[in-house]
Amino acid sequence: RSLPHLMALPAGRSLLRGPKSQWTREAKAAFATSTLLRRLRAEAFGPSNLDLQELDVGLYAADPERLLVPAGQRGRVYGGQVIGQALHAATLTAPSDRQVHSLHAYFLKAGRTDRPIIYHVENTRDGRSFSTRSVKARQAGEIIFQCQASFQVAEESNLDFATEMPVVPAPE
């Protein structure tokens, strides 16, 4: 897989706020690490039900042999797997320094297990802190699912949204 689509930045700009050559080195190192980790995971544990085959830049296919069927359903795809594969496809196209920030998803039609699912990822925007991806899942030329995923650069914060656990007696 090549990285040109990840480096489409205005002249002289970098996601790392440094020279463009620094972004190139960082991007290549992150890509090599993620590729190695995916290969090691596949060798150790076998294929995942979220694995996708890359057909082209931003175009992925799910193997129909690995599609899950909910209990009591025949021939219909498990929706959680479709969401997971769509998010995985979006993540494969996002810069490696971004984490998933939000996801909005819509099931438009039931998916079938006898056909591959094709995921088309559109690079909506890459900013300094946020990236957005739109994903459409198709079967037999019809859209069965679509989602919008937002990715954000990890930032440190002093905000704490959880209250501390109160001191309570141990269970009996």
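Q: Taking helices as DSSP runs of H or I with at least four residues and strands as E runs of at least two, both numbered from the N terminus, which strand is the place of Gln-139?
A: Gln-139 has its place in strand E5, which covers residues 130–139. Residues are numbered from 1 along each chain as its sequence is written, and this is a predicted model, in which local features need pLDDT of at least 70 and side-chain atom pairs count only at pLDDT 80 or more, while totals for chains, interfaces and linings use all residues. Side-chain values use heavy atoms, with hydrogens and water left out.

Q: Is Gln-139 buried or exposed?
A: Gln-139 is buried, because its relative accessible area is 5%, where buried means under 20%, exposed over 50% and partly exposed in between, using a 1.4 Å probe and protein chains only.

Q: And what does Gln-139 touch?
A: Not counting residues up to four places away in sequence, Gln-139 is in contact with Gly-111, Arg-112, Arg-115, Pro-116, Ile-117 and Ile-144, a contact being heavy atoms within 4.5 Å. A polar atom of the Gln-139 side chain also lies 2.6 Å from the backbone oxygen of Arg-112.

Q: OK, what about Gln-146, where does that one sit?
A: Gln-146 is in strand E6 and is partly exposed, with a relative accessible area of 27%. Beyond its neighbours within four places in sequence, Gln-146 contacts His-104, Ala-105, Tyr-106, Leu-108, Val-135 and Lys-136. Between Gln-146 and Phe-107 the C-alpha to C-alpha distance is 6.8 Å, although they are 39 residues apart in sequence.

Q: How many bridges join E3 to E6?
A: There are 9 bridges between E3 and strand E6 (residues 142–153), and the two run antiparallel; strands count as paired if DSSP finds at least two bridges between them. His-104 stands opposite Gln-148 in E6.

Q: What is the strand order in the sheet?
A: The open sheet has 6 strands in the order E1-E2-E4-E5-E6-E3, with antiparallel pairing. Its edge strands are E1 and E3 (98–107), each of which pairs on one side only. Neighbouring strands are turned by 25° against each other on average, direction ignored, with axes being lines fitted to C-alpha atoms (for helices over the stretch in contact) and angles running from 0 to 180 degrees between N-to-C directions.

Q: Which strands does helix H2 lie across?
A: Helix H2 (residues 79–93) lies across E2 (59–62), E3, E4 (117–126), E5 and E6, and runs at about 50° to E6. Along the sequence, the chain as a whole follows the pattern α-β-β-α-β-β-β-β.

Q: Switching to Gln-53, why is it called exposed?
A: Gln-53 is called exposed because its relative accessible area is 52%. Gln-53 belongs to strand E1 (residues 53–56), and, leaving aside neighbours within four places in sequence, it is in contact with Leu-59, Tyr-60 and Ala-61.

Q: Last topic, where does pLDDT stay under 50?
A: That happens over residues 1–23, for which the model has 38 contacts beyond four places in sequence; pLDDT is the predictor's confidence in each residue, from 0 to 100. Over the chain, pLDDT averages 79, and 76% of the residues score at least 70.

Q: And what share of the 172 residues is buried?
A: Buried residues come to 28% of the 172 in the chain. Of the contacts with a separation of 6 or more, 61% are between residues 24 or more positions apart.

Conventions: A polar contact is a pair of N or O atoms within 3.5 Å; within protein, one must be able to donate a hydrogen and the other to accept it, and residues adjacent in sequence count only if both atoms are side-chain atoms.
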